[in-house]
Amino acid sequence: MSEVTEASVRAEARAWLKEHWNPELGLVEWRNKLADSGWGVPHWPKQWYGRDLPVGFGAGIEEEFKAIGAIGVAKAGIRTLAAATILAHGTDMHKEKFLRRILTGEDTWCQLFSEPGSGSDLAGAVTRAEFEGNKWVINGQKVWTTSAHHANWALLLARTNWDVPKHKGLSYFILDMHQPAVEVRPLKQMNGHASFNQVFFTDAVIPPEFLVTEVGNGWAVATTTLMHERRGADGLRSWAASSTSKGRAYDEERIEFATTNEPYKWYPQRAGRVDLVLERARATGKLGDLVLRQEIAKLLTMSKAAEWTARRARAAQEQGRPQGPEGSLGKLISSHIARAAGRVHTSITGADAMLTGEDSPMGGVIAEILVSIPATSIAGGTDEIQRNIIAERVLRTPKEPSVDTDKPFRDVPRNIAKK
Amino acid sequence: MRFSFTGEQEEFRTILRRFFEGRSPTTEVRRLMETEAGWDREGWRKLNQELGLTAVAIPEEFGGQGFGCAELAIVCEEMGRALVCAPYFASAVLAANAILNAGTGSQKSALLPGIATGDTVATLAFTETDGRWDAAATTTTATPSGGGYRLDGAKSFVLDGHTADLIVVLARAPGTSGEDGLSFFTVSGDAAGLTRKALKVMDPTRKLARLEFKSVEAKLLGTAGAAAAPFAKTMLWAAVCLANEMAGGADKLREASLDYAKMRMQFGRPIASFQSFKHKAADMLVEVELAKSAAYYAAAAIDESDEDIVAVASLAKACASDTYLQTAIHAIQIHGGIGFTWDNDTQLWFKRAKSSEVFLGDATHHRDVMMRRWAA
Ligand SMILES: Cc1cc2nc3c(=O)[nH]c(=O)nc-3n(C[C@H](O)[C@H](O)[C@H](O)COP(=O)(O)OP(=O)(O)OC[C@H]3O[C@@H](n4cnc5c(N)ncnc54)[C@H](O)[C@@H]3O)c2cc1C
């Protein structure tokens with residue numbers, strides 16, 4: 001067998017795309033071809049829709065997709081976390097049932113982790129799962145659940161045991177969102193969007209085979225999901241925009257953008273849109289402003305260095321080395337970048353920063369940045385929690401004395417009255 | 001310089017705080033912010049009938065109470081705390097001062113009593129489409145016509161400009177530039193040729209408008225061509241009042257976040273018990289107290305005609321700009337997910353902090369003004 005290099009892989013991908021890409025295919029039909037060939041997620045196992053290729057080849061292969069204009073597998077939102085978690089911990093039945101439909105975009109997922117009483121302290125969840133007869137019965141409430149209104153499946157963290165310390169009493173489930181016992185109520189955000197929700201369970205049902213790993217192992221599984229979520233926040237993700245090209249697949253992709261991907265449409269703004277800074281400074285004639293130039297330069301420095309830090313972390317991971325501390329920094333850095341970008345956009349925009357919607361620059365994009373960036377340092381684990389993780393798990397500083405990890409969860413003081 | 005408030009001033013503040021807590025709860029703020037006007041006559045009338053607030057800094061001879069900038073600043077600070085939705089800043093701070101600083105004796109007698117009672121709601125239109133806050137940027141022209149003038153041009157970011165009864169407009173004689181040829185004019189809110197459009201604002205608790213003038217009949221206010229100095233003085237008062245308003249908002253946010261953190265449990269304990277929170281809370285207190293000191297000092301400096309007032313006013317505004325926004329960012333962060341929701345009130349102050357940050361010039365602009373004074 002000849003040696004696999006990035007160039008040889010790209011050539012192979014190019015040839016395959018040339019032969020198979022056809023914009024007149026249905027979107028799902030096309031993505032099924034990607035799943036069958038392994039070119040949609042080449043770093044996944046061969047057995048499960050991938051080609052067992054190193055993650056590092058991904059970027060090059062994506063460029064081949066771009067060059068020919070081919071659409072990739074569905075990537076937006078929580079579905080990628082679902083896929084990563086199922087790949088790591090799911091049974092063959094889970095993989096069979098879910099992975100392909102995640103890639104084709106037929107299924108949309110949400111993450112039922114946070115609750116009114118437990119956000120940072122996820123392990124303090126009080127939504128209960130009780131085994132009754134032959135099924136799990138779920139009661140309780142989740143909150144801030146992005147995309148729950150579009151999701152047909154959910155990743156659920158629930159309490160199965162109240163008599164053991166909090167981390168030990170959790171279990172991880174896959175929940176069918178399409179049942180009357182699950183009620184989704186939208187929550188409006190300060191930026192005017194309503195991409196997250198409250199989700200209520202009144203005797204919602206889960207068949208036993210949708211427990212992920214074992215009873216009591218929920219925290220370990222959730223950690224996998226969270227690790228992927230936080231790694232995904234390192235700024236390397238490019239937020240695809242729907243293309244204007246003609247063809248059935250493109251038409252259907254545009255529909256996907258307007259429906260299931262809709263909750264994520266302000267996500268580029270919440271990251272601060274560093275990509276717009278130079279263009280905006282030029283357009284407003286402020287590129288020559290010496291003070292502003294310095295601020296822009298500082299922002300670009302931080303943003304570039306962050307990108308290279310993330311690349312360095314990924315490169316280390318690809319070479320099989322354990323991920324170094326660089327890998328944990330991305331999410332925290334992204335908050336710094338978002339805030340700095342907010343400052344720079346405000347300086348550039350001046351009085352117009354008081355406006356919004358069509359009266360404001362770029363049809364409201366700048367205003368949306370300014371009122372969306374606070375989410376970056378909260379969603380997916382707050383800055384304070386990231387700092388604790390970096391300090392305690394990466395830097396191995398002595399742990400904070402804990403008041404709640406060694407006693408039965410029943411006895412831990414919390415926000416919501418004990419049931 | 002006075003470094004403490006008098007007993008009467010403290011009492012005045014206490015009364016105001018109680019009044020606004022009762023009259024301007026956030027349910028009321030939210031109701032008014034959803035209206036296009038952004039305030040209502042009924043509430044405005046009460047504010048003036050019961051407390052005579054618009055009259056505070058207007059001299060007694062013109063129907064006011066004759067207090068100074070310190071008292072006006074106290075009102076602004078308390079209004080900033082409670083996010084009161086009223087055309088107070090437009091009428092009592094901007095317009096009243098412009099008229100006081102520029103008007104002739106008879107004009108003041110004619111215009112100020114109505115403003116003092118609140119029967120006339122006035123504003124000042126000076127900024128234009130380019131969003132510059134300096135007088136030299138004025139392009140709106142005033143052409144003599146008959147016994148009066150005709151205005152042509154456009155003003156933007158005019159506070160309560162779409163609802164004011166009386167608009168004081170900064171305009172220039174055709175062919176002039178810089179600070180020459182500038183005059184103030186008064187225009188009736190319903191004047192022919194004036195088009196008023198409410199702008200879509202990020203901070204809905206403070207409404208802005210765009211005004212277009214097409215040969216609009218206007219009366220000269222004060223001396224023709226001599227508006228630059230009174231305008232500058234008006235802007236000093238405005239910057240100082242805004243700095244106080246912002247300090248009030250920041251202080252309120254700081255307190256509300258602290259209260260929340262003491263109540264909110266995670267990991268089996270209040271989040272306020274985490275050392276990282278304590279450090280943040282302590283830093284926030286330091287910052288807000290600095291901003292308050294700067295704002296209070298600046299108001300006292302105006303009342304005592306301190307010769308450094310130009311630098312001091314800008315120092316206070318720059319300090320308030322940075323502090324209010326930073327406090328608001330912390331406040332949302334301390335609230336976590338709920339802080340990012342529409343229904344949580346933190347976002348109301350966040351948006352006020354955001355708009356106040358650039359209103360009347362951002363921190364960079366004001367630091368520059370300060371340095372031009374002190375490093376000249
Ligand atoms: C836009 C958005 C989308 C989201 N989407 C989802 C989703 O799809 N699914 C989901 O499950 N959740 C989602 N979340 C929820 C998010 O994960 C939580 O909001 C976050 O983890 C914080 O939890 P909390 O809101 O309960 O705040 P809290 O945990 O109450 O935190 C309040 C404050 O206390 C601080 N704090 C807490 N513990 C400590 C400590 N030990 N030391 C120092 N400070 C501490 C926090 O940093 C924060 O500043 C989303 C949130 C946002 C904003």
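Student: In this predicted model, which side chain has an N or O atom 2.6 Å from an oxygen atom of the ligand?

Tutor: A polar contact is read as a pair of N or O atoms within 3.5 Å. Here the side chain of B:Arg264 places such an atom 2.6 Å from a ligand oxygen. B:Gln266 also has a polar side-chain atom, 3.2 Å from an oxygen atom of the ligand. From chain A, a backbone N or O atom of A:Phe113 lies 3.1 Å from a ligand oxygen.

Student: How much of the ligand's accessible area does the protein cover?

Tutor: On its own the ligand has 970 Å² of accessible area, and the protein covers 94% of that.

Student: Which elements give two or more residues to the shell around the ligand?

Tutor: They are helix H13 (383–394) of chain A and helix H9 (309–335) of chain B. H13(A) gives the most, with 3 residues.

Student: How many residues surround the ligand, and which are the closest?

Tutor: The ligand is surrounded by 29 residues, the closest being A:Ser120, A:Thr382, B:Arg264, B:Gln333 and B:Gly337. By class, the shell has 15 polar, 11 nonpolar and 3 charged residues.

Student: Why is the site described as shared between chains?

Tutor: The site is shared because the residues that surround the ligand come from chains A and B.

Student: Into which domains is chain A divided?

Tutor: Chain A is divided into domain 1, spanning 79–231, and domain 2, spanning 271–379. Taken over C-alpha atoms, the centres of these domains of chain A are separated by 31 Å. Their contact takes 5 residues from domain 1 and 8 residues from domain 2.

Student: What area is buried between domain 1 and domain 2 of chain A?

Tutor: The buried area is about 580 Å², and carbon and sulfur atoms give 47% of it. Of the area that domain 1 of chain A buries against domain 2 of chain A, 71% is supplied by A:Met190, A:Asn191 and A:Arg231, more than any other three residues.

Terms used
Residues are numbered from 1 along each chain as its sequence is written. Chains are lettered from A and ligands numbered from 1 in the order in which they are written. This is a predicted model: local features need pLDDT of at least 70, side-chain atom pairs count only at pLDDT 80 or more; totals for chains, interfaces and linings use all residues. Side-chain values use heavy atoms; hydrogens and water are left out. A residue is near a molecule or strand if one of its heavy atoms lies within 4 Å of it. A polar contact is a pair of N or O atoms within 3.5 Å; within protein, one must be able to donate a hydrogen and the other to accept it, and residues adjacent in sequence count only if both atoms are side-chain atoms. Accessible areas come from the Shrake-Rupley method with a 1.4 Å probe; for residues, only the protein chains shown count as cover. Helices (H or I, at least four residues) and strands (E, at least two) are DSSP runs, numbered from the N terminus. Ala, Val, Leu, Ile, Met, Phe, Trp, Tyr, Cys and Pro count as nonpolar, Asp, Glu, Lys and Arg as charged, and the others, Gly among them, as polar. Domain bounds come from an automatic or database domain assignment. Contact means heavy atoms within 4.5 Å. Buried area is the accessible area (1.4 Å probe) that two parts lose on being put together, summed over both.
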